[in-house]
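Visitor: I would like to learn how to read cores and ring pairs in a model. Could you take me through this one?

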Amino acid sequence: MAKGTINVSVENIFPLIKKFLYSDHEIFLRELISNATDATMKLKHLTNIGEAKVEYGNPQIEVKIDKKGKKLHIIDQGVGMSKEEVEKYINEVAFSGAEEFLDKYKDKMDGAGIIGHFGLGFYSAFMVADKVEIKTKSFKDEDAAHWTCDGSPEFTLVKGERKERGTEIILHIADDSTEFLEESRIRELLLKYNKFMPIPIKFGTKEINDPDHEPKTITDKDGKESKEPHKQITVDDIINNPDPAWTKQPTDLKNEDYKSFYRELYPMQFEEPLFSIHLNVDYPFNLTGILYFPKLGQDMNIQKDRIQLYQNQVFVTDNVEGIVPEFLTMLRGVIDSPDIPLNVSRSYLQADAAVKKISSYITRKVADKLKSLFNENREDFENKWDDIKVVIEYGMLSEDKFFEKSDAFALYPNVDGKYFTYEELEKKIKKNQTDKDDKMVILYASNKDEQHSYIEAAKAKGYEVLLLDSPIVSHLIQKLETSKENISFVRVDADHIDKLIKKEDTAISKLSDEEKTKLDELLKEVIPSEKFMVQLEPMDSEAAPFMITQPEFMRRMKEMQQTGGGGMFGMGNMPEMYNLVVNTNSELVGQILGTKTRKKQERLINQSLDLARLSQGLLKGEELTSFIKRSYSMIK
Ligand code: ADP
Ligand code: MG
């Protein structure tokens with residue numbers, strides 16, 4: 001029998017392992033199953049290349065709970081180890097790996113900085129066990145080995161009893177970790193970390209209907225027919241799907257396969273995804289995966305089912321921040337890559353060149369997919385636009401590469417539900433909506449009902465009005481204005497329509513300068529100046545006499561600040577700014593000027609102002625009540 005002391009420089013590593021990884025104890029199971037998987041895959045490889053002259057068969061990994069004995073078993077049928085190999089791989093290699101790991105991270109072990117604790121490996125077993133045994137037999141014709149270690153640096157290594165090739169790890173679960181003797185807890189962990197691992201994992205058995213049994217119809221003595229019960233058989237309960245969709249070739253998958261894999265990933269999601277994107281590269285890095293566009297609508301905050309990150313089919317995390325560009329974290333699906341460094345902090349990840357490449361590959365792939373969806377079936381794409389626009393618009397804002405490509409698929413709907421690409425829009429409006437300074441003015445509304453009268457006024461001029469209603473649209477148009485030549489966006493209610501798109505000045509005023517001054521003074525006396533800036537305009541006599549507008553710049557800055565970033569500092573808290581545009585050519589204005597008594601003038605002004613406010617949805621509460629009262633008394 002060999003007895004020894006593991007070569008420790010840290011006095012006792014096991015308490016350290018426990019202490020530093022406290023929050024993540026559960027990963028021991030993932031580590032041990034990863035080792036069992038590695039050992040099995042190694043054997044597969046060796047038999048394939050003819051180096052192992054054994055039957056590979058259909059190996060499984062088994063996880064077994066012995067509640068009475070307070071033990072957890074992980075058993076594989078992989079390469080196994082000889083005594084010398086245990087000495088080498090467990091006592092030296094695995095230990096030095098664990099030691100190095102702790103050395104590197106013990107200062108940063110606050111839990112937040114690290115994604116997965118890959119690298120600690122085998123010794124993570126001591127986070128939950130006070131004694132660990134390895135019973136193993138190599139696929140080479142050698143004696144079995146039996147290693148035992150009770151958590152101190154001393155171990156024993158003797159000749160073992162194991163007959164079959166493979167390895168059994170036995171954890172004597174510590175008193176503070178008995179949760180890992182509960183079937184439900186282990187099942188939960190297996191489903192979390194191992195749901196798509198490449199070797200079948202057996203956890204107990206289950207009863208299913210015998211597929212070879214066809215229940216007969218039986219007739220009882222009263223002539224009533226019924227089916228006899230289906231015969232039950234007991235089968236291994238295999239936890240995982242060893243061949244998940246993302247490991248297959250896109251050409252081997254149909255639309256339905258992608259949908260059913262989505263259900264497998266997110267069993268609690270009842271809504272179908274809009275479409276999927278298969279990621280598949282092997283140079284200059286390795287990455288596979290499937291991303292899904294879910295129905296998002298306006299809600300940017302639903303983050304329940306997130307993209308899952310795997311490393312060779314082992315679940316690592318569902319926090320892909322830093323790996324996937326931020327705008328795509330709203331998507332769902334799976335990314336699998338052995339090339340993403342896992343045991344490093346997020347700030348390091350974001351600076352890592354390989355990770356940057358991965359991120360820009362994903363961005364490009366998503367842009368290409370959107371482009372081809374648009375080209376293949378425009379109508380379908382338009383129908384989905386409302387559900388995907390938030391992601392696309394966010395991507396246009398945050399990723400320049402994506403922005404460059406977005407002209408091929410980004411859509412601008414008008415208020416009547418017609419969709420334009422930017423190019424189409426430009427072609428359509430350029431002539432009519434270019435102002436006297438040669439600027440192309442793009443009119444938009446954010447709400448068809450609230451801005452109805454302004455939309456109508458613009459349409460009457462033959463202008464096109466877009467409907468841009470996503471939460472981040474103010475940021476997006478800001479970006480479009482700076483990247484396209486000589487254009488500006490204005491909301492239809494930002495000013496009087498003739499001012500929004502200024503053509504050559506042809507307006508003739510009915511009022512004399514004297515009358516204008518008189519009107520201006522009168523209005524300023526009656527209308528509170530802190531609420532409205534009065535602006536006199538000689539407009540078409542048929543246009544509304546009073547109209548409230550909200551200057552584009554101020555409103556947009558405010559909106560940008562409310563939706564995060566951009567805008568001008570402090571604007572978010574500024575009061576709303578409104579202009580009151582008064583049409584000096586309207587009949588009503590003439591009437592106000594011609595009215596003799598001051599009281600009647602005030603009544604007309606207040607009534608007109610209230611009507612203008614009403615059409616902007618600004619008349620509420622007490623003011624609305626007194627408006628209604630006043631209106632009744634006027635029609636009496
Ligand atoms: P890693 O898996 O990163 O190499 P581990 O600490 O998890 O580090 O394991 C150390 C080594 O122990 C493995 O590389 C392998 O050689 C050996 N080993 C661990 N578990 C098994 C197993 N179930 N079957 C065969 N060899 C194993
Ligand atoms: Mg390992």
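Visitor: Which residues does Trp-147 touch, not counting residues up to four places away in sequence?

Guide: Contact means heavy atoms within 4.5 Å. Trp-147 touches Val-86, Ile-90, Asn-91, Phe-122, Tyr-123, Phe-126, Val-132, Glu-133, Ile-134, Phe-155, Thr-156 and Leu-157. This is a predicted model, where local features need pLDDT of at least 70, side-chain atom pairs count only at pLDDT 80 or more, and totals for chains, interfaces and linings use all residues. Residues are numbered from 1 along each chain as its sequence is written, and side-chain values use heavy atoms, without hydrogens and water.

Visitor: Which residues have the most contacts inside the largest nonpolar core?

Guide: In soluble globular proteins, nonpolar side chains tend to be buried together. A nonpolar core joins buried (under 20% relative accessible area, 1.4 Å probe, protein chains only) Ala, Val, Leu, Ile, Met, Phe, Trp, Tyr and Cys residues through side-chain atoms within 4.5 Å. Here the largest one has 63 residues, and Trp-147 and Leu-171 have the most contacts inside it.

Visitor: How is an aromatic pair described?

Guide: By the distance of the ring centres and the angle of the planes. Rings of Phe, Tyr and Trp (its six-membered ring) pair if their centres lie within 6.5 Å, and planes over 60 degrees apart count as edge-to-face. The whole structure has 22 such pairs. Among them, Tyr-412 and Tyr-422 are edge-to-face, at 6.1 Å centre to centre and 70 degrees between the planes.

Visitor: Are Tyr-412 and Tyr-422 buried or exposed?

Guide: Both Tyr-412 and Tyr-422 are buried.

Key. Chains lettered and ligands numbered in written order. Buried < 20%, exposed > 50% of the residue type's maximum accessible area, 1.4 Å probe, protein only. Phe/Tyr/Trp six-rings, centres within 6.5 Å; stacked < 30°, edge-to-face > 60°.
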